[in-house]
Amino acid sequence: LEQARIDTAIELRGLRDELVNLNFTKKEKELNVEQNKYEPQSVIQQTQLDLERTERDYKQLLQKYELKQQQSVAKIQEINTLLKQNQSQMNRLNELSDEFTINAPKSGMVIYARSWRGKKEPGSRVSAWDPVVAELPDLTDMISKTYVNEVDISKVQVGQEVGIKVDAFPDNSYGGQVIQVANIGEQLDGYDAKVFEVTVQLNEVDSILRPAMTTSNEILTHDFQEVLYVPLECIHSDSLTYVFLNEDGKLKKQEIITGLSNDNEIVVDYGLEAGQEIFLSLPDAAEDTPIAIIPDHIKADVIRKQQEEANARRAKAMAQKKTVDKVDLPSTSNSGSDVIVIYE
């Protein structure tokens with residue numbers, strides 16, 4: 001705006017100087033016409049033509065000056081309008097910057113949000129699609145995220161009890177329950193097979209727990225009382241499932257009916273009795289030993305009983321699931337999340 005004012009003043013001053021000079025020239029021409037009125041007609045006509053030419057140049061310059069004035073006024077008005085627009089925008093940005101101060105609604109721990117670019121900090125970009133800058137979590141409501149191998153994920157269900165330990169405090173243990181099981185597996189570094197994410201909610205509150213601590217989770221899939229179980233190494237299978245017994249120093253190959261198992265033991269529902277001695281490894285003359293077959297009617301009774309127990313376990317699992325149907329799960333994209341995630 002200042003530059004335009006200076007340029008306009010210089011240009012208009014130059015035109016005014018030209019008008020003054022032409023005005024003097026016009027007066028000189030008028031004087032010549034007056035003085036030459038007694039001269040020959042040709043001289044009079046020449047001086048008259050010079051005067052008319054000078055008057056015409058003066059009028060043209062005067063019109064140019066007026067147009068230049070109008071042009072300068074319009075230019076200054078346009079610049080003033082643009083200046084007001086910029087000033088208005090700057091005022092709005094200043095008002096917006098005053099709103100960047102965020103006050104916590106209550107006392108607590110502030111955790112800066114993370115995105116694919118890393119932790120948000122001074123200089124980070126905040127988009128309208130992910131406006132979360134920080135969270136003020138509720139330390140009284142915590143979850144632990146763990147991963148279960150695809151081989152075992154079918155055993156894990158919502159509502160199951162979980163034993164939780166924190167690596168930073170190995171002497172402390174906490175209870176929890178499964179509140180979510182992922183539907184889709186994922187490949188993580190350090191795992192050969194696909195794993196499924198399982199979310200566990202802690203039942204206890206402990207002031208020493210902090211976000212992002214490493215935990216170990218032991219999920220209780222089933223609880224059996226007074227059952228017979230043997231090491232997995234004892235079990236052999238081809239078309240039948242069997243074990244090798246030592247009865248009074250003699251080798252015996254006995255068919256058995258097995259139930260559920262964990263990583264180390266398997267439940268034996270029929271075919272063995274407590275106190276019997278069985279082989280952990282394949283004994284000599286195993287191929288030549290005949291197998292003792294369980295009668296079909298007994299197999300049918302045991303399988304029916306197993307089915308009834310499986311139905312009872314499913315009913316219990318459904319009842320456990322109903323207890324966590326209303327649990328609000330945390331969302332990383334929700335700025336109102338009040339849940340701490342303890343990662344395993």
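This is a predicted model: local features need pLDDT of at least 70, side-chain atom pairs count only at pLDDT 80 or more; totals for chains, interfaces and linings use all residues.
Q: How many of the residues count as buried, as a percentage?
A: Of the 344 residues, 27% count as buried. The accessible surface of the protein comes to about 24,100 Å², and carbon and sulfur atoms account for 49% of that surface.

Q: What share of the contacts comes from residues 24 or more positions apart?
A: Such pairs make up 69% of the contacts in the protein that have a separation of 6 or more.

Q: How many positive and negative charges are there, and how far apart are their mean positions?
A: There are 38 positive and 58 negative charges, and their mean positions lie 14 Å apart.

Q: Turning to the open sheet of 4 strands: what is the strand order?
A: The order is β11-β12-β13-β16, and the pairing is mixed. The edge strands are β11 (236-237) and β16 (291-292), each of which pairs on one side only.

Q: Which way do β12 and β13 run, parallel or antiparallel?
A: Strand β12 (residues 241-247) and strand β13 (residues 250-255) run antiparallel and are joined by 6 bridges. Within this pairing, Phe-244 has Lys-253 of β13 as its bridge partner, and Leu-245 has Lys-252 of β13.

Q: What is found in the hairpin of β12 and β13?
A: There are 2 residues between the strands, and Asp-248 takes a positive phi near 55 degrees.

Q: How is β11 connected to β12?
A: A hairpin joins β11 to β12 through 3 residues. The two strands run antiparallel with 2 bridges between them, and Ser-237 stands opposite Thr-241 in β12.

Q: Changing topic, where is Ile-164?
A: Ile-164 lies in strand β6, which covers residues 161-166.

Q: Is Ile-164 buried or exposed, and why?
A: Ile-164 counts as buried because its relative accessibility is 1%, and the cut-off for buried is under 20%.

Q: Which residues does Ile-164 touch, leaving aside residues up to four places away in sequence?
A: Among them are Asn-172, Ser-173, Tyr-174, Val-200, Leu-202 and Thr-215.

Q: How far is Ile-164 from Thr-47?
A: Their C-alpha atoms are separated by 116 Å, and the two residues are 117 residues apart along the chain.

Q: What about Thr-199: where is it, and is it buried or exposed?
A: Thr-199 is found in strand β8 (residues 195-202). Thr-199 is buried, with a relative accessible area of 2%.

Q: Which residues does Thr-199 touch, again not counting residues up to four places away in sequence?
A: Thr-199 touches Ile-143, Ser-144, Lys-145, Gln-177, Val-178, Ile-179 and Gln-180.

Q: Lastly, where is Thr-323 found?
A: Thr-323 is in the loop between α3 (296-322) and β17 (339-343).

Q: Why is Thr-323 classed as exposed?
A: Thr-323 is exposed because its relative accessible area is 55%, and exposed means over 50%.

Q: How far apart are Thr-323 and Leu-12 in sequence and in space?
A: They are 311 residues apart in sequence and 87 Å apart in space, C-alpha to C-alpha.

How values were computed: Residues are numbered from 1 along each chain as its sequence is written. Side-chain values use heavy atoms; hydrogens and water are left out. Buried means under 20% relative accessible area, exposed over 50%, partly exposed in between (1.4 Å probe, protein chains only). Contact means heavy atoms within 4.5 Å. Accessible areas come from the Shrake-Rupley method with a 1.4 Å probe; for residues, only the protein chains shown count as cover. Lys and Arg count as positive and Asp and Glu as negative; His and the chain ends are not counted. The place of a charge is taken as NZ of Lys, CZ of Arg, CG of Asp or CD of Glu. Two strands pair if DSSP finds at least two bridges between them.
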